[in-house]
Amino acid sequence: MARYEDLARGEMLGDRDGLLKLLVHQKDRHLLGVHVIGTSATELIHIGQMVMTVNGTVDMLVDNVFNYPTLAEAYKVAAHNAVNKLNQLRTFGA
């Protein structure tokens with residue numbers, strides 16, 4: 001998950017409640033879903049839709065460049081958080 005309040009653009013907009021959440025398959029890392037709540041949600045959701053359309057993984061979001069400061073940067077932040085959680089699960093044998 002990435003909260004708008006933690007993004008430079010979210011802070012500039014004053015959106016303290018917005019968020020982007022990724023749903024990622026634990027084993028194959030495919031992107032299963034995206035939730036966007038807040039400013040410009042309709043302008044962000046298509047990025048996740050495209051990744052899902054090509055059966056993409058969370059790693060695609062980690063490896064791609066997102067402009068700064070934009071709300072689209074939330075994809076990179078959320079993807080890094082997801083990868084960190086997946087690594088923790090693997091480390092602890094879940």
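How many helices and strands does the protein have? The protein has four helices and three strands. The model is predicted.

## Order of the elements

The elements run β-α-β-β-α-α-α. Strand β2 covers residues 19–24, and β3 covers 31–37. Helix α2 spans residues 41–53. Helix α3 takes in 58–63, and α4 takes in 73–91.

## Overall shape

The C-alpha atoms fill a box of roughly 40 × 30 × 20 Å along the principal axes. The radius of gyration is 13 Å. A compact globule of 94 residues would have a value near 12 Å, so the two agree.

## Surface and charge

The protein exposes about 5,800 Å². Carbon and sulfur atoms supply 52% of that area. Of the 94 residues, 38% are buried.

There are 9 positive and 10 negative charges. Their mean positions lie 8 Å apart.

## The nonpolar core

Which residues have the most contacts inside the largest nonpolar core? They are Leu20, Leu22, Leu61 and Tyr75, in a core of 25 residues. Five elements, β2, β3, α2, α3 and α4, each supply at least two residues of this core. The largest share comes from α4, with seven residues.

Leaving aside neighbours within four places in sequence, Leu61 is in contact with Leu22, Leu31, Ile47, Val51, Phe66, Tyr75, Lys76 and Ala79. Two of these partners, Leu22 and Tyr75, are also among the core residues with the most contacts.

Is Arg29 buried or exposed? Arg29 is buried, because its relative accessible area is 18% and the cut-off for buried is under 20%. Arg29 lies in the loop between β2 and β3. Beyond its neighbours within four places in sequence, Arg29 is in contact with Val24, Gly56, Thr57, Val58, Asp59, Val83, Leu86 and Asn87.

Glu43 lies in helix α2. Glu43 counts as exposed, because its relative accessibility is 56% and exposed means over 50%. Glu43 and Leu71 are 28 residues apart in sequence. In space, their C-alpha atoms are 9.3 Å apart.

Methods. Residues numbered from 1 in each chain as written. Predicted model: local features only at pLDDT ≥ 70, side-chain atom pairs only at ≥ 80, totals over all residues. Heavy atoms only, no water. Rg over C-alpha atoms; globule rule 2.2 N^0.38 Å. Buried < 20%, exposed > 50% of the residue type's maximum accessible area, 1.4 Å probe, protein only. Areas by Shrake-Rupley, 256 points an atom, 1.4 Å probe, with all protein chains shown as cover. Lys, Arg positive; Asp, Glu negative; His and termini not counted. Charge placed at Lys NZ, Arg CZ, Asp CG, Glu CD. Contact = heavy atoms within 4.5 Å. Core = buried A, V, L, I, M, F, W, Y, C linked by side-chain atoms within 4.5 Å.
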